Amino acid sequence: MEIRMYRPSDCKILTGLFYNTVHTVNARDYTEEQLNVWATGEVDLEKWNQSLQEHFSVVAVDNGTVVGFGDIDHTGYLDRLFVHADYQGKGVGTAICNQLEQAVQGTIVTHASITAKPFFEKRGYSVMKEQSVERQGIFLTNYRMEKKR
């Protein structure tokens, strides 16, 4: 597996991976209604590309297949971390997160899903606050987590 920098040509693939991961992996912790407002299937590729280019963004590739991605901004906000459903538990998220965490100094903050919370706890992140995020009138639980460095 290779971890490489994000390229604009990755954007459409990453949005598809995001949608599929949310609707499969996160389905054990969220209702169908919640999944549908979290990952609607309608994305603004231009906004995603701009965001991924402004952040330190990496892509995990295994035998030519994109299997995960993540990004962190200059303040230490770890925005996205998604791993293909078929590659869960195989070290992809760890490899991506290692790269992201090395890209910034100081405290790292993320808003982790119920599903991702144990992953981040194992990496030394602490829950600062449970949050209820509203999307189109539907509420989703996530956790503001921090890792001091």
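Okay, housekeeping before we start. We're looking at a predicted model, where local features need pLDDT of at least 70, side-chain atom pairs count only at pLDDT 80 or more, and totals for chains, interfaces and linings use all residues. Residues are numbered from 1 along each chain as its sequence is written, and side-chain values use heavy atoms, with hydrogens and water left out.

Let's begin with the sheet. Two strands pair if DSSP finds at least two bridges between them. On that basis there's an open sheet of 7 strands, in the order β1-β2-β3-β4-β5-β7-β6, and the pairing is mixed. Which strands stand at the edges? Those are β1 (2–5) and β6, each with a single partner strand, so one side of each is left without a neighbour in the sheet. Neighbouring strands are turned by 25° against each other on average, direction ignored. For angles, axes are lines fitted to C-alpha atoms, for helices over the stretch in contact, and the values run from 0 to 180 degrees between N-to-C directions.

Now look at the β6 end. Strand β6 (residues 126–135) runs antiparallel to β7 (residues 138–147), with 9 bridges joining them. R135 has I138 in β7 as its bridge partner. The two strands make a hairpin with 2 residues between them, and Q136 in the turn has a positive phi of about 50°. On to β5 (residues 108–113): 6 bridges join this strand to β7, again antiparallel, and H111 stands opposite R144 in β7.

R144 forms one with E146, the closest N and O atoms being 2.6 Å apart. E146 also meets K148 in a salt bridge, at 3.0 Å, N to O. How exposed are they? I'm calling a residue buried under 20% relative accessible area, exposed over 50%, and partly exposed in between, with a 1.4 Å probe and protein chains only. E146 is buried at 12%, R144 is partly exposed at 26%, and K148 is exposed at 61%. Elsewhere, salt bridges that share partners join D71, D79 and R80 into one network. D79 is partly exposed at 29%, whereas R80 is buried at 9%.

L52 touches R80 and D71, along with Y6, L14 and S57, not counting residues up to four places away in sequence; contact means heavy atoms within 4.5 Å. L52 is buried, with a relative accessible area of 2%. The helix α3 itself lies across β2 (56–62), β3 (65–72) and β4 (77–83), at about 115° to β4. And L52 and D62, 10 residues apart in sequence, are 20 Å apart in space, C-alpha to C-alpha.

Over in helix α1 we have T15, buried at 8%. T15 touches V43, L45 and W48, leaving out residues up to four places away in sequence. Its C-alpha is 9.3 Å from that of D44, 29 residues apart along the chain.

Last stop, the largest pocket. A pocket, on a 1 Å grid over the protein atoms alone, is an open set of points where a 1.4 Å probe fits, with protein on both sides within 12 Å along at least five of seven lines; lining residues have an atom within 4 Å of a point. About 1100 Å³ of space lies in the largest one, the volume being the space filled by probe spheres set on the points, which are joined across faces, edges and corners. There are 42 lining residues, with W38, L81, F82, S113 and A116 nearest the centre. Which element gives the most to the lining? That's β4, with 7 residues.

One more residue: N26, in the loop between α1 (11–24) and α2 (32–38). N26 touches W38 and S113, among others, and is buried at 5%. That's it from me.

Terms used:
Salt bridge = Lys/Arg side-chain N within 4 Å of Asp/Glu carboxyl O. Helix = DSSP H or I, 4+ residues; strand = E, 2+ residues; numbered from the N terminus.
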